[in-house]
Amino acid sequence: MSEKTMTVNEYLDGVDPDFRTELERIRKLVIELVPSVEESMSYRMPTLKCKDRALVYFTASKKHMSFYPSSWAIDEFKDRLQGYKTSAHAIQFILDKPLPTELIEDLVLFHKRQIDEDRH
């Protein structure tokens, strides 16, 4: 992936095709959940924004992918994230163990509620 990546599509064009399929699934799901999201690149990661705030980020590395739904969402659903490597802001996953659709929905909708409530 180039340092000059400017759009989400350009980013995804540089991702391993198998990873791209999974990231496209996440992208589509988030857009279905929050149709008003705007796509951008932030911190060299695809970013879906809501009310001019990052709702989620997602990335691909050589051996895994990461989903960034907010530290609040990760904390809220930490019991359901057992079995995934997590940090304060990210959830790492692999093709053999993708994030379940229902979990992504819950993480995204929880963070959207936090944004709607103007939590900072």
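**Close-up views of a predicted model**

**View 1. Helices H2 (17-33) and H4 (101-116) pack at an angle of about 50 degrees, with their axes 10 Å apart.** Axes are lines fitted to C-alpha atoms over the stretch in contact, with angles from 0 to 180 degrees between N-to-C directions. Arg25, Ile26, Leu29, Val30 and Leu33 of H2 meet Thr101, Ile104, Glu105, Val108 and Leu109 of H4 (contact: heavy atoms within 4.5 Å). Helices are DSSP runs of at least four residues (H or I), strands of at least two (E).

This is a predicted model: local features need pLDDT of at least 70, side-chain atom pairs count only at pLDDT 80 or more, and totals for chains, interfaces and linings use all residues. Residues are numbered from 1 along each chain as its sequence is written, and side-chain values use heavy atoms, leaving out hydrogens and water.

**View 2. The largest nonpolar core has 34 residues.** Such a core joins buried Ala, Val, Leu, Ile, Met, Phe, Trp, Tyr and Cys residues through side-chain atoms within 4.5 Å; buried means under 20% relative accessible area, exposed over 50%, partly exposed in between (1.4 Å probe, protein chains only). Val30 and Phe67 are among the residues with the most contacts inside this core. H4 gives the most to the core, with six residues.

View 3. Beyond four places in sequence, its contacts include Ile26, Ile104 and Val108.

**View 4. Lys78 sits in the loop between H3 (71-76) and strand E5 (85-86).** Lys78 counts as exposed because its relative accessibility is 54%.
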